[in-house]
Amino acid sequence: MEAPGGLEALRRRRRRLSSPGAGSPSALPWGRLSAWLECVCAVTFDLELGQAVEVGPAPPGAQGVPQLVYPPDYTLTEKEKTSICYLSFPDSYSGSLGDTQFSFRFRQSGGQRNALYGDDFEYNREAAVSLQRDPAHYFGYVFFRQVKDSSVKRGYFQKSLVLVSRLPYVNLFQALLQLIAPEYFDKLDPCLEAVCSEIDQWPPPVPGQTLNLPVMGVVIQVRIPSRLDQPGSSPAKPQNQENLLPAPLVLPSIHELDLFRCFQPVLIHLQALWELLLLGEPLVVMAPSPAASSEMVLALTSCLAPLKFCCDFRPYFTIHDSEFKEYTTRTQAPPSVVLGVTNPFFIKTLQHWPHILRLGELKMAGDLPKQVKVKKLAKLKTLDAKPGLYTSYKTFLHKDKTLIKQLLKEHYMASLMPLQRAITPWKNPPQIRPFQQEDFLKTLEHAGPQLTCVLKGDWVGLYRRFFRSPNFDGWYRQRHREMMHKLEALHLEAISEANIRSWVKDKSEVEVVDLVLKLQEKLVRARCHRLPVKEEVLHRVGLYIATIIGSLPEDLQAVLGPQ
């Protein structure tokens with residue numbers, strides 16, 4: 001008997017379940033490089049044109065077609081090129097000579113691209129949430145050089161080398177730039193092409209693994225953090241150094257900044273800044289340089305870890321940015337974004353923003369900057385306004401010298417899971433109960449963080465505001481997704497322990513075929529999403545499927561069986 005919808009419908013469904021994924025990234029041109037970088041750009045300052053991405057060599061077969069980036073066939077939209085050009089140079093005049101490094105972040109334009117590297121889903125599922133690839137934004141890591149050069153009209157050599165990536169590996173990419181940028185400024189294109197070819201041989205970033213990354217005669221050794229890493233745990237010890245000559249350049253972290261150094265100028269404001277970041281409040285960081293601006297913004301957005309900062313943030317933002325009008329308009333409230341700026345023009349343009357952090361000039365290493373009290377926004381009107389936090393915000397929690405580095409795990413979410421005894425093999429898993437804010441707030445009296453935390457204050461008020469922030473939404477979606485995966489795993493365990501042969505005895509052929517298809521889909525989903533289920537459970541369910549298929553007519557076996 002043919003099942004409803006016909007054998008062809010079953011074949012189509014079977015092909016969808018068994019179709020292979022995208023090809024191995026290493027088999028694609030520049031596939032391994034794209035696991036780490038989108039492209040590498042060289043940006044120079046032209047006296048007539050201003051900033052411009054330099055023209056590189058054309059790819060084979062392209063007669064006289066100017067290429068602007070490496071790899072040669074990578075395409076940026078005009079809007080993206082403009083963003084990179086302006087964000088790669090200091091926004092205000094700087095008479096200092098030498099090298100400087102900083103970071104920026106900008107919005108992708110022109111729609112979603114088909115990435116050469118096809119394992120974004122796999123990586124994001126295993127990576128720490130703050131290190132996942134961002135599908136809508138690029139990070140730019142800059143090495144800027146300004147030196148006197150009499151052969152140039154302007155009298156100065158001004159050039160930037162920029163690594164563009166979706167990965168927030170600030171330490172790794174800045175270390176990489178320290179190796180390749182000075183060499184590139186001397187040898188130009190051949191050096192850049194050779195470096196890209198070396199990166200194209202690197203293994204992909206796999207969370208939980210320690211990798212050796214050779215480039216320009218140096219081996220950089222890094223560990224890619226995993227979602228399973230415990231917050232506050234010590235980094236893993238370097239591995240496999242005995243076989244490496246020369247000894248590797250070991251990076252203790254690919255992304256963590258020296259928070260004490262970054263926060264030195266604002267130590268007394270950390271409690272207020274932490275609350276502002278937690279609640280997704282608009283915040284401007286006015287700094288004397290792109291390096292100070294980008295470091296402070298990245299440090300602030302990281303201090304919520306292990307909670308992911310789900311709002312927008314721009315470590316370095318200029319008046320030429322495509323979102324300038326969107327962020328400076330006075331016709332609507334400022335958006336939930338952290339902006340790092342250096343141009344004094346922003347003092348006037350962003351006066352209406354509710355929270356502004358002004359940083360002073362950098363001090364000598366080890367010199368703790370003078371700590372200043374919170375100031376009223378009305379005082380931030382002149383270019384010589386003193387450093388400090390300008391806001392009328394009143395903190396919910398009382399001040400304490402101890403910095404809260406993570407949110408305590410909430411036991412309320414666990415109570416929303418259905419009881420395990422309610423999960424049966426012959427019904428869909430029960431639903432997770434919805435999150436009720438008032439019910440959660442009632443639990444704070446007996447199980448809230450105030451019982452173990454030294455900070456006292458209005459925790460309930462803080463939570464109420466937190467519920468309205470993008471960070472709560474991002475945290476809740478992640479926890480709900482993890483709970484759904486746990487439910488699916490428990491359902492598979494219940495199925496593996498059931499007497500399926502007994503269940504199918506009195507069922508019609510249509511019902512049996514439907515059961516097989518559902519079980520096959522469950523197995524595919526379990527493996528694709530790496531559900532927290534033992535391999536022996538998946539093996540038993542697979543054996544059940546094979547046994548049931550073996551009891552069906554040959555025409556259905558041909559469709560449902562292995563292909």
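Where does S226 lie?

Analyst: This is a predicted model. S226 sits in the loop between β8 (218-223) and β9 (249-250). The residue is buried, because its relative accessibility of 9% falls under the 20% cut-off. Its side chain reaches the backbone nitrogen of L228 at 3.0 Å. Leaving aside residues up to four places away in sequence, S226 touches E126, A127, A128, P207 and G208.

In one, the side chains of R530 and E122 meet at 3.2 Å, N to O. E122 belongs to helix α3 and R530 to the loop between α15 (509-528) and α16 (535-550), so the pair ties together parts 408 residues apart in sequence. E122 is partly exposed, at 25% relative accessibility.

In the other, R105 bridges to D134, with the closest N and O atoms 2.7 Å apart. R105 is buried, with a relative accessible area of 5%. D134 is buried too, at 15%. Both residues also belong to a network of salt bridges that links R105, R107, D134, D312, R314, D321, E323 and E326.

A further pair lies elsewhere. R464 forms a salt bridge with E438, the closest N and O atoms being 2.8 Å apart. R464 is in helix α12 (residues 459-467) and E438 in helix α11 (residues 437-447), 26 residues apart. R464 is partly exposed at 37%, and E438 is partly exposed at 43%. The count of salt bridges comes to 23.

Now the strands. In a regular strand the side chains alternate between the two faces of the sheet. Strand β10 (residues 283-286) has L283 and V285 pointing one way and V284 and M286 the other, and all are buried. β10 runs parallel to strand β12 (residues 337-341), joined by 4 bridges. β10 also pairs with strand β13 (residues 355-358) in the parallel sense, over 3 bridges. M286 has V341 as its bridge partner in β12 and stands opposite R358 in β13.

As for the whole, the protein has 17 helices and 14 strands. Buried residues make up 47% of its 563 residues. Of contacts with a separation of 6 or more, 73% join residues 24 or more positions apart. The accessible surface comes to about 29,000 Å², with 54% belonging to carbon and sulfur atoms.

Conventions: Residues numbered from 1 in each chain as written. Predicted model: local features only at pLDDT ≥ 70, side-chain atom pairs only at ≥ 80, totals over all residues. Heavy atoms only, no water. Helix = DSSP H or I, 4+ residues; strand = E, 2+ residues; numbered from the N terminus. Buried < 20%, exposed > 50% of the residue type's maximum accessible area, 1.4 Å probe, protein only. Polar contact = N/O pair within 3.5 Å; in protein donor to acceptor, adjacent residues only side chain to side chain. Contact = heavy atoms within 4.5 Å. Pairing = 2+ DSSP bridges. Areas by Shrake-Rupley, 256 points an atom, 1.4 Å probe, with all protein chains shown as cover. Salt bridge = Lys/Arg side-chain N within 4 Å of Asp/Glu carboxyl O.
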